[in-house]
Amino acid sequence: MPESPEPRLPLFTLSEAHELLDVLQHFGTTDHDWGAQARHFAAELAARVPSYDA
């Protein structure tokens, strides 16, 4: 992935957090060690990120 010319924010935006949550949930459907880790981090992220509905 090429480097962005813009500086990175210290935290994810809400949109970025939800995109990452979608990716983790997708990989969490696999029956593999990485899937278990993805499920764990998806749950942790979901507990910390407000929903789009909020």
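Contact here means heavy atoms within 4.5 Å. Helices (H or I, at least four residues) and strands (E, at least two) are DSSP runs, numbered from the N terminus. The views show a predicted model, in which local features need pLDDT of at least 70, side-chain atom pairs count only at pLDDT 80 or more, and totals for chains, interfaces and linings use all residues. Residues are numbered from 1 along each chain as its sequence is written, and side-chain values use heavy atoms, with hydrogens and water left out.

**Figure 1. Overview of the chain.** The secondary structure consists of two helices and zero strands. The C-alpha trace spans about 40 × 30 × 15 Å along its principal axes. The radius of gyration of the chain is 13 Å, whereas a compact globule of 54 residues would have one near 10 Å; this radius is taken over C-alpha atoms, and the globule rule is 2.2 Å times the number of residues to the power 0.38. Of the 54 residues, 19% count as buried. Buried means under 20% relative accessible area, exposed over 50%, and partly exposed in between (1.4 Å probe, protein chains only).

Figure 2. The expected span of a helix is 1.5 Å times one less than its number of residues. Ala17, His18, Leu21 and Leu24 are buried in α1. Because they cover an arc of only 120 degrees around the axis, they are on the same side of α1. The arc is that of the directions from the helix axis to the C-beta atoms. Asp22 and His26 are exposed on the other side of α1. The buried residues of α1 pack against α2 (33-48).

**Figure 3. Helix α2 and its buried face.** The 16 residues of α2 should span 22 Å at 1.5 Å a residue, and the distance of 23 Å between its end C-alpha atoms agrees. Gly35, Ala38, Ala42 and Leu45 are buried in α2. Seen down the axis, these buried residues fall within an arc of 90 degrees, so they line one face of α2. What covers them includes α1. Asp33, Ala47 and Arg48 are exposed on the other side of α2.

**Figure 4. Surroundings of Leu24.** Leu24 lies in helix α1 and is buried, with a relative accessible area of 18%. Leaving aside its neighbours within four places in sequence, Leu24 is in contact with Ala38, Phe41, Ala42 and Leu45. The C-alpha atoms of Leu24 and Gly35 are separated by 8.3 Å, and these two residues are eleven apart along the chain.

**Figure 5. The salt bridge between Arg48 and Glu44.** The structure holds one salt bridge, a term for a side-chain nitrogen of Lys or Arg within 4 Å of a carboxyl oxygen of Asp or Glu. In this salt bridge the side chains of Arg48 and Glu44 meet at 2.6 Å, N to O. Arg48 and Glu44 are separated by about one helical turn, because they are four residues apart in helix α2. Arg48 counts as exposed at 61% relative accessibility, and Glu44 counts as partly exposed at 32%.
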